[in-house]
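Please read it alongside the sequence and the coordinates.

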Amino acid sequence: MSIKQQKDIRKFLEGKYTFDTAEQIYKKQEDSLMAMLETVKNESKSRYKTLKQTILPRIALYKVLGEYTTDEERLKILRHYMIDIIASKKHKYF
């Protein structure tokens with residue numbers, strides 16, 4: 001898959017869960033992402049790229065984490081991912 005963020009998501013999940021659980025969550029997240037991408041195919045090229053590379057992978061992760069955690073825990077996990085992983089990478093470039 002050519003979505004850069006997927007590598008970060010897999011690494012994050014492997015650091016947070018056991019290998020088997022991380023792989024299970026990642027596979028479901030990837031399947032969910034592919035289904036979401038099918039629904040936005042008719043968007044403009046730039047909008048599709050933004051959805052594919054940044055927005056939808058995070059939404060798919062949030063959605064799948066709901067099957068494994070409570071709503072409160074899911075928010076904490078995603079906040080940790082967004083602030084500690086994504087934001088820290090972005091700030092390194094500035």
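## Helix packing and salt bridges

Helix H2 passes helix H3 in a right-handed crossing, where right-handed means that the near helix is turned clockwise from the far one by less than a right angle, and left-handed that it is turned anticlockwise. The model is a predicted one, in which local features need pLDDT of at least 70 and side-chain atom pairs count only at pLDDT 80 or more, while totals for chains, interfaces and linings use all residues. Residues are numbered from 1 along each chain as its sequence is written, and side-chain values use heavy atoms, with hydrogens and water left out.

Two packed helices are described by the angle between their axes and the distance between the axes. H2 and H3 pack at an angle of about 135°, and their axes are 8 Å apart, the axes being lines fitted to C-alpha atoms, for helices over the stretch in contact, with angles from 0 to 180 degrees between N-to-C directions. That angle makes H2 oblique to H3, given that angles under 35 degrees count as roughly parallel, over 145 as roughly antiparallel, 65 to 115 as roughly perpendicular and the rest as oblique. On the H2 side the contact (heavy atoms within 4.5 Å) is made by Ile25, Lys28, Gln29, Ser32, Leu33, Met36 and Leu37. On the H3 side the contributing residues include Tyr48, Lys52, Leu56, Pro57 and Leu61.

Helices here are DSSP runs of H or I with at least four residues, numbered from the N terminus. H2 covers residues 19-39, which is 21 residues, and reaches 30 Å from its first C-alpha to its last, close to the 30 Å expected at 1.5 Å a residue; the expected span is 1.5 Å times one less than the number of residues. The buried residues of H2 are Ala22, Ile25, Tyr26, Gln29, Glu30, Ser32, Leu33, Met36 and Leu37, where buried means under 20% relative accessible area, exposed over 50% and partly exposed in between, with a 1.4 Å probe and protein chains only. These buried residues pack against helix H1 (4-16) and helix H3 (45-65).

How do H1 and H3 cross? Their axes come within 9 Å and cross at roughly 30°, and the two helices are therefore roughly parallel to each other. H1 also passes H3 in a right-handed crossing. The contact is made by Lys4, Gln5, Gln6, Ile9 and Leu13 of H1 and by Gln53, Thr54, Pro57, Arg58 and Leu61 of H3.

Arg58 lies in helix H3 and touches Gln5, Leu78, Tyr81, Met82 and Ile86, not counting residues up to four places away in sequence. Arg58 and Tyr81 are 23 residues apart in sequence, with their C-alpha atoms 9.4 Å apart in space. Asp8, in helix H1, counts as buried at 16% relative accessibility, and with the same exclusion of residues up to four places away in sequence, Asp8 touches Tyr81, Ile86 and Lys89. Leu51 is found in helix H3 and is buried at 15% relative accessibility. Leu51 touches Val40, Glu43, Leu56 and Pro57, again leaving out residues up to four places away in sequence, and Leu51 and Val40 are 11 residues apart in sequence and 8.3 Å apart from C-alpha to C-alpha.

A search of the whole structure finds eight salt bridges, a salt bridge being a side-chain nitrogen of Lys or Arg within 4 Å of a carboxyl oxygen of Asp or Glu. The table gives some of them.

| Salt bridge | N to O distance |
|---|---|
| Lys27 and Asp31 | 3.1 Å |
| Arg47 and Glu43 | 3.3 Å |
| Asp71 and Arg74 | 2.5 Å |

Asp71 and Arg74 both lie in helix H4 (residues 71-92), three residues apart, about one turn of the helix, and Arg74 counts as buried at 11% relative accessibility. Elsewhere, salt bridges that share partners join Arg10, Glu14 and Glu23 into one network. Lys27 and Asp31 both lie in helix H2, four residues apart, which is about one turn of the helix. Lys27 is partly exposed, with a relative accessible area of 45%, and Asp31 is partly exposed with 40%. Glu43, the partner of Arg47, counts as partly exposed at 33% relative accessibility.
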